[in-house]
Amino acid sequence: MKKELTQKGTTPEELHYNYYSAEKYEDDIRRAIPGYGEMHTGIKKALATEFGAKKITVLELGIGTGLTAQVVLDNVNVGKYLGIDFSQSMLNGARKRLERYPVELELGDYAAVDFPKENGLVISVISIHHQATPRDKKKLFKKIYKCLSADGIFLFGDLFTQRNEHEAALNEAYHFHHLVENAVDEKTLAEWAHHYKFVNHLAAIEDQIKWLKQAGFTDVEVLYSKFNTAAIIAKKGG
Ligand SMILES: C[S@@+](CC[C@H](N)C(=O)[O-])C[C@H]1O[C@@H](n2cnc3c(N)ncnc32)[C@H](O)[C@@H]1O
């Protein structure tokens, strides 16, 4: 019954994250997302510029197996770190990868659970595109804005499309080309292509920048972009 009520790609079962080993997932995400490594290098630089040695509280939405978390934990002076994910098997991977770090992990849907307040940083990478509708994304941006401290920052890496149809078509072609070039076999390519075409819910980057500003963020900039992959930095206090 629940399945009929939810949009495709909004549960861990439909995302298949509960079936993969952490090792398979990590190999897949690094290969399947154009610019995955470069985007994290951009995030690392932004963390150094924005926070320096300042101690901050971090909230991560969709922590997965902890790949993004490790970049943050190795480069920021973290007081508290809470990672939320609705997939138990991904959290098991995160527990293992992050065992030497003081990280709290919470099983839950970040669209539904309450967030702790006064976070210096909210980060989410390759996850929010699973919020199915513009309304869901807007609601989440407002919730993120509210849980940040006055000088807090939202770092948002994800898959986007573009308003301009020709640009969107070209970037989609490049994205699929990247999948063809990087899949280890045809079965993997079929899974990735299906996930991208039927499970993801991409929205135009221009619209999402607008929604972030409508949520209250004063300063919103694109840090990194390649094809449909991009990272945005949104500052609460400007
Ligand atoms: C592709 S992973 C990315 C994780 C990490 N940033 C990385 O680069 O490996 C996205 C994660 O978001 C989680 N996720 C998606 N929608 C979610 C939701 N509504 N609530 C909690 N977790 C969610 C998935 O279970 C998955 O573990």
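**Ground rules.** I'm working from a predicted model, where local features need pLDDT of at least 70, side-chain atom pairs count only at pLDDT 80 or more, and totals for chains, interfaces and linings use all residues. Residues are numbered from 1 along each chain as its sequence is written, and side-chain values use heavy atoms, leaving out hydrogens and water.

**Cavity.** I looked for cavities (sets of points on a 1 Å grid over the protein atoms alone where a 1.4 Å probe fits but cannot get out). I found one of 30 Å³ or more. The largest cavity has a volume of about 320 Å³, taken as the space filled by probe spheres set on the points. Its lining (residues with an atom within 4 Å of a point) has 27 residues, and Gly62, Gly64, Asp85, Ile126 and Ser127 are the closest to the centre.

**Ligand.** I checked where the ligand sits: in the largest cavity, going by more than half of its atoms lying within 2 Å of the grid points. I counted 21 residues around the ligand (a heavy atom within 4 Å). Tyr25, Tyr36, Thr68, Asp85 and Ser127 are the closest of them.

**Polar contacts.** I took pairs of N or O atoms within 3.5 Å. A ligand oxygen is 2.6 Å from a side-chain N or O atom of Tyr25, and a ligand oxygen is 2.8 Å from one in the side chain of Ser127. At Val125 I noted a polar backbone atom 3.0 Å from a ligand nitrogen.

Methods. A polar contact is a pair of N or O atoms within 3.5 Å; within protein, one must be able to donate a hydrogen and the other to accept it, and residues adjacent in sequence count only if both atoms are side-chain atoms. On a 1 Å grid over the protein atoms alone, a cavity is a set of points where a 1.4 Å probe fits but cannot get out, and a pocket is an open set with protein on both sides within 12 Å along at least five of seven lines; lining residues have an atom within 4 Å of a point.
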